[in-house]
Amino acid sequence: MINEKYFNSVIVLLLLLVPAWATASDEPFTITLITRAVVFSLAAVGLNIALGLGGLVSLGHAVFFGLGGYAMGILAFHAQTYSALFEWPFLIEGTKSMPLIWLVALIFCSIAASLIGFLSLRTSGVYFIMITLAFGQMFYFFSISWPKYGGEDGLSIYVRNGFPGLNTLIPLHYYGLCLVMLFLALWFSARLKKSPFGLALNAARQSPERVETVGLNGKRLKLIAFVISGAITGLAGALFADLNRFVSPTMFSWQTSGEIMIFVIIGGVGRLFGPVTGALVFVSLEHFLGGINDYWHVYLGLFLLGIVLLGKGGLVGILCGKEKINA
Amino acid sequence: MSLLKIFQLNASYGAIQALYDINLDVREGEVVALMGRNGMGKSTTVKSICRLIPSHGEMHFAGHDLQVLPSHRAAQLGIGLVPEGRRCFHSLSVYENLISAHRSGFWNFRKVIKLFPKLGERRAQKAISLSGGEQQMLAIGRALMTNPKLLILDEATEGLAPLIRQEIWAVISKLKDQTGLSILVIDKSINELKAVCDRVFIVERGKTVWKGSAAQISTKVVEDFLGV
């Protein structure tokens, strides 16, 4: 068994060394590839808060990923066409500023997560999975049937949005930005896990009744976790859209929800670096196996099957063992 | 003044009625025992007080009508439950179990550790790896961390080694003497109860059938309502 701290350090080193190597050997595509993995990691770190800490199996996190994406798409679309979003009751214009877009994405995803969470948390188990899936599909079909923002074809943004002090068009700069966001999210989620809120949430996951008897509202704890989780995944959506300079309804699709969940499960549910590990493995498989065979999902399926059968803890669990008792 | 007052309480599990007519009150600073044979409705009464199951009848706690409150609100008002079978948060450490329940007041982590030094030694250990007695101490500690006005101990000494039982009883009388906490104890050990309890209520088939001071429990009462 490897010490989890060493394992996490190796992942961090990998995230720092791969782009360094890619820059040195002039392989900009590798940077784009690992940026994709980092953005997926961020989305999965978001889901891990709901799934790992709160025990909420949400098959609708694509809603937040897509909302984040469309927040970027719509704002940038209006900025590049010099048209206003609204003229009444007050003028709202588009923007090409990333911090502003992220803020909008965070706000809208939090609102959406509050509403979806409020309704979905009345159920649990399979019903919770189904109702979150249903919300995902609602957003998916809505985005397809709304022609103003590209409908089924999606929206292309010609130039990547800007961040003060950086040239986001340079792959390494954009990678650095995404990596910083990922590290911030990881730091936040580690802090959250050890906070009284995180502990209470952990307890509520096991037994809602027990936390009620010590005066904690289990449902509210879960709702807050769901909102935080959705907001982080939404931020990842905005970054993902900017990475591709393209948004489409695919970001809302249930496959996207499934993929985010696969990252978490491959890596290890509830483990700090589980989502990152999962996303790195997924993107590697997608790249290398996808290059060999169009039907690479079959191998992904086999791989996933192996991980799930070998142990519940995902790759981190298999390599590092169970979480330490004296943490 | 009564801290907890229950009048004509009845409750059912689906179609099966478990409580018919429970009458009970706990005054401030008092230790009250709820006794009765197995299956007579003691734990159901506790679940009703903690709002874990729906019930009918009058239930007032510190001037609030309990019947209209969800269980976490009842706990916030100051009902600290030590549930039957301990039920600690297994995946959390001793320290985390205690901290997650904390609400400001007299009790804090340091004071709970002073009351149960063993929990201090095990502070970083996960609850699931504790012995039964230690888990019981943790469950009591967790309830105290919520700074309750009324502590409810549901079969707190059941299935524990004699030495541990003694320790728990010692803590109960310490809580009574030193902090003046109101306590509702459910237990079967008459001798230990007699030493700490002010009053006793006995339930049979979902009804309160006897009440009196601990000293008034005669052999006849034991034979009629408690003996097997």
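How many residues does the contact take from chain A and from chain B? The contact takes 20 residues from chain A and 24 from chain B, where contact means heavy atoms within 4.5 Å. Before we go on, note that this is a predicted model, in which local features need pLDDT of at least 70 and side-chain atom pairs count only at pLDDT 80 or more, while totals for chains, interfaces and linings use all residues. Residues are numbered from 1 along each chain as its sequence is written, chains are lettered from A and ligands numbered from 1 in the order in which they are written, and side-chain values use heavy atoms, with hydrogens and water left out.

Let us stay with the two chains. Together they bury about 1,900 Å², with 59% of that on carbon and sulfur atoms; buried area is the accessible area (1.4 Å probe) that two parts lose on being put together, summed over both. Of the area that chain A buries against chain B, A:Arg210, A:Thr213 and A:Val214 supply 32%, more than any other three residues.

Now look for charges that meet. There is 1 salt bridge between chain A and chain B, meaning a side-chain nitrogen of Lys or Arg within 4 Å of a carboxyl oxygen of Asp or Glu. A:Lys194 and B:Glu96 form a salt bridge, and their closest N and O atoms are 2.8 Å apart.

Next, find A:Arg271 in the loop between helix H10 (254–267) and helix H11 (274–292) of chain A. Helices (H or I, at least four residues) are DSSP runs, as are strands (E, at least two), numbered from the N terminus. Is A:Arg271 buried or exposed? A:Arg271 is buried, because its relative accessible area is 5%, and buried means under 20% (exposed is over 50%, partly exposed in between, with a 1.4 Å probe and protein chains only). Its side chain reaches the backbone oxygen of A:Gly321 at 3.0 Å. Leaving aside residues up to four places away in sequence, A:Arg271 also touches others, including A:Glu4, A:Asn48 and A:Glu323.

Finally, consider the cysteines. Over all chains the structure holds 0 disulfides, a disulfide being a pair of cysteine sulfur atoms within 2.5 Å. For A:Cys178, the nearest cysteine sulfur belongs to A:Cys109, 16 Å away. A:Cys178 counts as buried, at 1% relative accessibility. B:Cys50 is buried, with a relative accessible area of 6%.

Definitions and conventions: A polar contact is a pair of N or O atoms within 3.5 Å; within protein, one must be able to donate a hydrogen and the other to accept it, and residues adjacent in sequence count only if both atoms are side-chain atoms.
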